[in-house]
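Look over the sequence and the 3D view, then read on.

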2 protein chains.
Amino acid sequence: MFSIGELSKRTKVKVPTIRYYEEMGLLAEAERTSGNQRRYDKTGLERLSFIRHARDLGFSIEAISSLIELQEHPDRSCETATDIAVSQLADVREKIKRLKLLEKELIRISKGCDGQGISEDCYVLASLADHELCSREH
Amino acid sequence: MFSIGELSKRTKVKVPTIRYYEEMGLLAEAERTSGNQRRYDKTGLERLSFIRHARDLGFSIEAISSLIELQEHPDRSCETATDIAVSQLADVREKIKRLKLLEKELIRISKGCDGQGISEDCYVLASLADHELCSREH
DNA sequence: TCTTGAACCTCTAGTCACTAGAGATTGTAG
DNA sequence: CTACAATCTCTAGTGACTAGAGGTTCAAGA
């Protein structure tokens with residue numbers, strides 16, 4: 001059995017974040033010492049690793065909740081799990097697409113001014129003021 | 001002179017968002033009718049277009065504040081403006097990089113399970129539980 | 001001129017996933 | 001036994017809005 005600080009070190013999840021996950025119902029309520037401090041074991045460690053990994057991949061707390069529920073019912077169909085993963089993938093792809101358009105536009109804008117002139121002549125500011133200067137939708 | 005609803009229509013920025021921008025100091029306080037309703041003119045329209053365009057490109061409210069201040073002093077050096085644009089570009093590129101790693105990992109994970117089996121055997125859940133299954137850092 | 005109802009007003013609270021800080025208590029090494 | 005680091009709970013703040021309550025104003029049609 002180890003403390004929340006130890007769990008934090010091992011999983012690289014900050015202490016307040018661990019407490020937050022507990023409050024959100026992602027982590028079961030931890031056992032307590034007589035002095036009311038949380039104590040964890042291997043199960044808690046595994047669960048938190050799962051959560052951290054999923055968060056790193058951008059899954060929402062809500063999605064992780066569903067995934068954990070599934071994990072706790074090994075006999076259930078895992079269709080929901082794959083659905084969640086696929087939809088997360090779609091989400092990520094959508095974001096990449098959008099960011100690439102932004103990148104293109106920002107490159108163009110940045111190139112237009114070297115920062116040596118005055119505000120009045122600045123292509124960055126002009127571009128923002130006038131959408132017509134943009135090369136495409138973004 | 002036109003109403004906040006009209007401004008909203010023309011800029012495609014929602015009414016509460018316009019009020020929010022005013023509160024944040026991005027938009028000057030609008031003139032009011034005798035009945036306390038906001039009225040805008042061309043200047044307000046241009047300013048809000050600028051803000052919307054910058055937001056679309058992912059600039060923060062704070063960054064936009066700086067850009068607007070510069071815009072209002074046409075004689076000042078525009079170095080800050082280009083700095084902001086360049087740093088926004090770096091930011092976008094960083095995000096793309098990270099999302100591409102996530103994409104790769106999510107593709108791998110999604111492919112591992114067709115959702116037809118049971119939770120116990122699900123590769124999606126197994127992958128999340130065990131980081132070792134990941135092909136690289138993400 | 002009057003009436004209706006859409007649009008407007010302010011204010012508070014909620015979103016997401018944490019983060020920060022106050023003030024009090026507990027655990028542990030020396 | 002004493003320090004003091006770590007823990008506890010609780011509240012509030014972050015960014016950029018969004019939602020809703022409860023009340024007022026504007027403008028078009030009768």
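## Terms and model

Helices (H or I, at least four residues) and strands (E, at least two) are DSSP runs, numbered from the N terminus. This is a predicted model, in which local features need pLDDT of at least 70 and side-chain atom pairs count only at pLDDT 80 or more, while totals for chains, interfaces and linings use all residues. Residues are numbered from 1 along each chain as its sequence is written, chains are lettered from A and ligands numbered from 1 in the order in which they are written, and side-chain values use heavy atoms, with hydrogens and water left out.

## Around DNA strand C

A residue is near a strand if one of its heavy atoms lies within 4 Å of it. By that rule, 18 residues are around DNA strand C. A:Tyr21, A:Thr33, A:Arg55, B:Gly5 and B:Arg19 come nearest. Helix H2 (15-23) of chain A and helix H1 (4-11) of chain B each supply at least two residues of this surface. H2(A) has the largest share, with 3 residues.

What classes of residue make up the surface near DNA strand C? It has 4 nonpolar, 9 polar and 5 charged residues. Here Ala, Val, Leu, Ile, Met, Phe, Trp, Tyr, Cys and Pro count as nonpolar, Asp, Glu, Lys and Arg as charged, and the others, Gly among them, as polar.

Which part of DNA strand C supplies the atoms within 4 Å of the protein? Sugar or phosphate accounts for 88% of them, and bases for the rest.

Several side chains reach phosphate oxygens of DNA strand C. A polar side-chain atom of A:Tyr21 lies 2.8 Å from one. For A:Thr17, the distance is 3.1 Å. From chain B, an N or O atom in the side chain of B:Ser3 is 3.0 Å from a phosphate oxygen.

## Around DNA strand D

DNA strand D is surrounded by 18 residues. The closest are A:Gly5, A:Arg19, A:Arg38, B:Tyr21 and B:Arg55.

An N or O atom of the B:Arg55 side chain is 2.7 Å from one. The distance is 2.8 Å for B:Thr33 and 3.0 Å for A:Ser3. Helix H1 (4-11) of chain A and helix H2 (15-23) of chain B each give two or more residues to the surface near DNA strand D. H2(B) supplies the largest share, 3 residues. By class, this surface divides into 4 nonpolar, 9 polar and 5 charged residues.

## Where the two chains meet

A salt bridge puts a side-chain nitrogen of Lys or Arg within 4 Å of a carboxyl oxygen of Asp or Glu. A:Glu103 and B:Arg93 meet in a salt bridge at 2.9 Å, N to O.

Methods. Polar contact = N/O pair within 3.5 Å; in protein donor to acceptor, adjacent residues only side chain to side chain.
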